[in-house]
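Trainee: I have a model open and want to learn how to read it. Where do we begin?

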Amino acid sequence: MTTYDADGITLERVREYVWEIPREGGMNAPARVLASERLLDEISQDRTLQQLRNAAHLPGVAKYALCMPDGHQGYGFPVGGVAGIDAEGGCISPGAIGYDINCGVRMMKTNLDYDDVRGREEELVESLFANVPSGLGGGGVVETDVDTVEEILARGMDWALEAGYAAEADLAHCEDEGYRPEADPSKVSAKAKDRGKNQVGSLGSGNHFLEVQRVTDVFREDVADAFGLRENQIVVLIHCGSRGLGHQVCTDYLRDIEKAHAGLLDRLPDKELAAAPAGSQLAEDYYGAMCAAINFAWVNRQLIMHRTRRVFERLFDRSWEEMDMQLLYDVAHNIGKREVHEVPVDAEGRPTGVDEAVDHDKRELFVHRKGATRAFPAGRPELPPAYGDVGQPILIPGSMGAGSYVLRGGENSIAETFGSTAHGAGRLMSRTQAKQEYWGEDVMDDLRDTHEVYVKAQSGATVAEEAPGVYKNVDEVVRVSDALGIGDKVARTFPVCNIKG
DNA sequence: ATGTCC
C-alpha cells in the first residue's frame with residue numbers, strides 16, 4: 001500500500017488523488033484528503049491534517065470527514081473541510097462552518113467584450129471603488145435600522161426584490177434561491193444586528209473583492225453555452241460574506257455552546273470544535289441564527305451587484321438589461337445545511353463511519369461546508385431549470401495573477417463528497433507572512449505592468465496579503481476536482497480590474 | 001474572516 005507520512009499522521013492512498021487517515025482512537029469515522037501529491041505537500045505544511053483528524057471525532061460524523069484539494073488550516077476545522085453529520089443523533093459545530101457565515105461568491109455576466117473595456121480600465125476601477133463600499137468597519141450601500149436588518153435576516157433575497165435592488169431572475173440564480181426559510185432573526189443577538197445595520201452592501205476586507213474579468217478559455221462548449229459564457233466576454237465576480245453580523249453570530253454561539261455543552265467538548269480533541277448536540281436548544285437556535293446570517297450575506301452580495309450594474313450603466317451609457325448583466329449563480333462557501341444523503345448506517349440504523357457500516361440508507365445530515373462549494377450534478381431538483389441538465393455552476397476564485405474558474409457540479413460529487421468541491425486556490429502562507437514577503441504598491445505595479453490588471457484597495461497591506469504568490473496553484477486544485485469528477489472545468493477567467501478592502 | 005481584545 002502506498003502511504004504518505006506527514007509529521008505523525010500517515011495517510012493511505014485509496015486511489016489517485018484520494019488519501020485516507022484510517023479511523024483510530026476517538027475517531028467516529030475515517031478522514032479523506034482529495035489531493036495530488038503536490039497539493040498534499042502543501043496541505044501537510046500547517047495543521048490541516050490534524051484538524052481534519054480532529055473533525056472525525058465529532059459525534060455523528062457519517063462516512064468520512066473530508067478535505068478538498070485547496071484545504072488549509074482554519075479555526076478548529078480546515079478551510080476546505082466538509083463533514084456530513086447525523087442531524088438526529090449527531091451535532092452541529094460553528095467552527096466547522098466558519099466565522100464568516102455564507103462567505104460566498106457570485107458571477108454576473110455581461111454582453112460586453114474585452115475590447116469594450118480595454119483602455120478604460122482605470123476609469124472602471126476608480127468608479128467601482130468610489131461606488132462599492134469596502135474596507136473594515138461600517139458603510140454600506142444601505143445604512144439602515146435594526147427593524148430592516150430583521151427583515152433582511154428573515155427574508156433574504158426576497159427583501160432585496162421588494163426593496164427594488166433585485167430582479168426575479170436574480171433570486172432564481174442563487175443557491176437556495178437566496179432564501180433560507182429556517183432563518184430565525186430572534187436568535188440573532190442585538191449586538192450582531194447592530195453591527196449589521198450599516199454594513200448591508202459592503203465588501204469588507206481580507207480576501208474579499210469585486211473583480212471585472214474576461215473569459216479566456218472555454219473547456220466544455222456545451223456547458224458554457226448553457227451557462228451563457230463565451231471567450232472574451234466580460235464578467236464580474238463578487239466575493240464577500242456576512243461581515244460583522246455573521247462573525248458576531250459565530251462568536252455568540254461558540255461561547256454559549258462551549259459553556260452549555262462542556263461535557264461534549266471534553267471528549268473532543270480541540271476546544272475550537274465546540275459543538276451542540278442535535279436536537280438541543282442551542283443546536284436549534286444556532287441553526288436559526290446561522291440561516292438568518294446566510295440570508296444577510298445574500299442580500300449583501302445582491303446590493304453590491306446592484307451598485308455594480310449602476311456603475312456600468314453610467315460608464316457605458318446603456319441599461320443593465322441592455323448589457324445583459326444577468327447573474328450566472330451565487331454559491332455559498334461557508335454554510336451548514338440540512339441535506340438528505342445516502343450514508344453508511346450501523347446496526348441501530350444510525351449514520352456511521354464507512355468501516356462500521358452494516359447497511360446504507362438515506363439520512364438527514366447537517367452538511368458542514370467550510371471553504372467548500374456545493375457541487376450538485378445534473379438532475380438534482382435543487383438546481384434552477386436552466387442548469388438542470390448540465391449541473392450547477394461552481395465558482396472558484398484563483399488569484400489576481402492566475403485567474404479564476406467556472407466549473408459545473410460533477411457526476412461523482414454526491415457519492416464522494418456529499419455534493420461538494422473546492423472553493424478557491426487556498427492560501428499557502430499566513431497574512432502575517434504575506435506582509436513580510438510583499439509590499440502592496442509593488443504587487444499592484446507588477447500586476448498592471450505584466451498582466452494589465454488594475455487594482456485599487458483601501459489598504460496596501462490588504463494587497464500584500466492577497467498577492468498572487470500567497471495562493472496555491474488554482475490550476476492544480478481545479479485539475480484534481482475535474483479528474484475526480486466532483487467539479488468539472490467549464491471556463492477560465494482572468495482579471496481586468498479588482499477592488500478590495 | 002473580524003470594530004484582528006470589552
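**Reading the contacts**

Mentor: Start with a polar contact, a pair of N or O atoms within 3.5 Å; within protein, one must be able to donate a hydrogen and the other to accept it, and residues adjacent in sequence count only if both atoms are side-chain atoms. Here, a polar backbone atom of Ser 205 sits 2.9 Å from a phosphate oxygen of DNA strand B. This is a predicted model, where local features need pLDDT of at least 70, side-chain atom pairs count only at pLDDT 80 or more, and totals for chains, interfaces and linings use all residues. Residues are numbered from 1 along each chain as its sequence is written, chains are lettered from A and ligands numbered from 1 in the order in which they are written, and side-chain values use heavy atoms, with hydrogens and water left out.

Trainee: Which part of DNA strand B does the side chain of His 247 approach?

Mentor: A base oxygen, 3.3 Å from an N or O atom of the His 247 side chain.

Trainee: Which residues come nearest to DNA strand B?

Mentor: A residue is near a strand if one of its heavy atoms lies within 4 Å of it. There are 16 residues around DNA strand B, and Arg 195, Ser 205, Gly 206, Asn 207 and Arg 431 come nearest. Of the DNA strand B atoms that come within 4 Å of the protein, 53% belong to sugar and phosphate.

Trainee: How do I sort that surface by class?

Mentor: Count Ala, Val, Leu, Ile, Met, Phe, Trp, Tyr, Cys and Pro as nonpolar, Asp, Glu, Lys and Arg as charged, and the others, Gly among them, as polar. The surface near DNA strand B then has 10 polar, 4 charged and 2 nonpolar residues.

Trainee: Which element gives the most to that surface?

Mentor: α10, with 4 residues. Helices (H or I, at least four residues) and strands (E, at least two) are DSSP runs, numbered from the N terminus. The expected span of a helix is 1.5 Å times one less than its number of residues. For α10, residues 243-260, the 18 residues should span 26 Å, and the end C-alpha atoms are 26 Å apart, which agrees.

Trainee: What covers the buried residues of α10?

Mentor: Buried means under 20% relative accessible area, exposed over 50%, partly exposed in between (1.4 Å probe, protein chains only). Contact means heavy atoms within 4.5 Å. The buried residues of α10 include Arg 243, Leu 245, Val 249 and Ile 257. Their cover includes α5, α8, α11, β11 and α12.

Trainee: How is a pair of aromatic rings described?

Mentor: By the distance of the centres and the angle of the planes. Rings of Phe, Tyr and Trp (its six-membered ring) pair if their centres lie within 6.5 Å; planes under 30 degrees apart count as stacked, over 60 as edge-to-face and the rest as tilted. The whole structure holds 9 aromatic pairs. Phe 227 and Tyr 387 are edge-to-face, 5.2 Å centre to centre with 85° between the planes. They are 160 residues apart: Phe 227 is in helix α9, Tyr 387 in the loop between β15 and β16.

Trainee: Are Phe 227 and Tyr 387 buried or exposed?

Mentor: Phe 227 is buried at 0%, and Tyr 387 is buried at 2%. Tyr 387 also pairs with Tyr 329: the centres are 5.8 Å apart and the planes at 85°, so this pair is edge-to-face.
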